Amino acid sequence: MTEKRTNRMAAVFVAAIIGLGMTLPGVASARVNEALNDRMSVRWDTEGRGVRRSIVESVTAPGGAALEVSIRRRNQEAWRSRVTVPLIRDIQAGDTVEVRVWVRAESPLNSLGTGNVDLQIVRTREPYDNIFSENIRPTSEGQYYTVRGVANSDFDAEDVVFGANLGYGRQTIQFGPIFVTRIDPEE
């Protein structure tokens with residue numbers, strides 16, 4: 001793929017994120033307070049051996065492009081092969097945090113017929129605690145997944161990320177727009 005084409009797909013991906021940030025379906029019952037991730041950025045970091053990433057065209061992803069991450073082999077500790085998105089605002093104890101992310105299994109695990117991904121908001125230093133960790137099983141259809149949790153302690157922005165653990169085996173997962181938001185709990 002040419003660099004020009006890759007840059008064009010990245011621009012489409014950014015446009016999708018910005019556009020989708022304006023209307024956030026599914027949170028009608030909650031008042032959105034504050035974005036915790038930079039919605040103008042497409043910064044997805046990858047970690048782990050055997051992890052490959054690229055931006056690809058996708059007819060099913062919002063905006064027509066997705067970050068595609070391929071895992072070549074199972075890792076004994078699934079969190080060692082992952083993608084992360086940094087947060088830009090601190091989280092206080094008692095805050096309700098919601099993640100809404102589009103995920104699709106381009107090439108699912110053979111043993112499951114689906115992908116296997118853990119979604120979490122996690123501290124990147126001791127004590128490595130999290131606000132939530134939820135396992136999802138994305139299919140080839142692709143959809144938004146929404147996960148919520150309440151912080152039991154304070155999390156400084158520079159020490160916390162959204163993480164998607166992927167090391168369960170050979171699989172290729174696509175990620176689209178992500179929204180990490182501090183919300184008022186439902187009334």
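**Briefing: strands, pocket and loops**

Strand 7 and strand 10 (residues 160-165) run antiparallel and are joined by 6 bridges. The model is a predicted one. The protein chain holds 1 helix and 11 strands. The largest pocket takes its biggest share of lining from strand 7 (residues 117-123), which supplies 3 residues.

**Overall make-up**

- Along the sequence, the pattern of the protein chain is α-β-β-β-β-β-β-β-β-β-β-β.
- The protein chain has 187 residues, and 47% of them are buried.
- Take the contacts between residues at least 6 apart in sequence: 78% of these join residues at least 24 apart.

- An open sheet is built from 5 strands, in the order 2-5-10-7-8, with antiparallel pairing.
- Which strands stand at the edges? Strand 2 (45-47) and strand 8 (130-136) do. Each has a single partner strand, so one side of each lacks a neighbour in the sheet.
- From one strand to the next, the twist averages 20 degrees.
- Within the pairing of strands 7 and 10, Arg123 stands opposite Val160 of strand 10.

**The largest pocket**

- The volume of the largest pocket is about 180 Å³.
- Its lining consists of Glu47, Trp79, Arg82, Gln120, Val122, Arg123, Thr124, Tyr128 and Asn165.
- By class, the lining residues split into 3 nonpolar, 3 polar and 3 charged.

- Asp159 sits in the loop between strand 9 (143-150) and strand 10.
- Is Asp159 buried or exposed? Its relative accessibility is 14%, so Asp159 counts as buried, the cut-off being under 20%.
- Beyond neighbours within four places in sequence, Asp159 contacts Val122, Arg123, Thr124 and Arg125.
- Asp159 and Asp90 are 69 residues apart along the chain, and their C-alpha atoms are separated by 9.0 Å.

- Ser81 belongs to the loop between strand 4 (65-71) and strand 5 (82-86).
- With a relative accessible area of 1%, Ser81 is buried.
- What does Ser81 touch, leaving out residues up to four places away in sequence? The partners are Glu47, Gly48, Arg49, Val51, Ile71, Asn75, Ala164, Asn165, Leu166 and Gly167.

**The loop between strands 7 and 8**

- Pro127 lies in the loop between strand 7 and strand 8. The peptide bond leading from Glu126 to Pro127 is cis, and its omega is near 10 degrees.
- Tyr128 is in the loop between strand 7 and strand 8 too. Its phi is near 55 degrees, a positive value in a residue other than glycine.
- Most residues other than glycine have a negative phi, and most peptide bonds are trans.
- Tyr128 counts as partly exposed, at 49% relative accessibility.

Conventions. Residues are numbered from 1 along each chain as its sequence is written. This is a predicted model: local features need pLDDT of at least 70, side-chain atom pairs count only at pLDDT 80 or more; totals for chains, interfaces and linings use all residues. Side-chain values use heavy atoms; hydrogens and water are left out. On a 1 Å grid over the protein atoms alone, a cavity is a set of points where a 1.4 Å probe fits but cannot get out, and a pocket is an open set with protein on both sides within 12 Å along at least five of seven lines; lining residues have an atom within 4 Å of a point. Grid points are joined across faces, edges and corners, and a volume is the space filled by probe spheres set on the points. Helices (H or I, at least four residues) and strands (E, at least two) are DSSP runs, numbered from the N terminus. Ala, Val, Leu, Ile, Met, Phe, Trp, Tyr, Cys and Pro count as nonpolar, Asp, Glu, Lys and Arg as charged, and the others, Gly among them, as polar. Two strands pair if DSSP finds at least two bridges between them. Axes are lines fitted to C-alpha atoms, for helices over the stretch in contact, and angles run from 0 to 180 degrees between N-to-C directions. Buried means under 20% relative accessible area, exposed over 50%, partly exposed in between (1.4 Å probe, protein chains only). Contact means heavy atoms within 4.5 Å.
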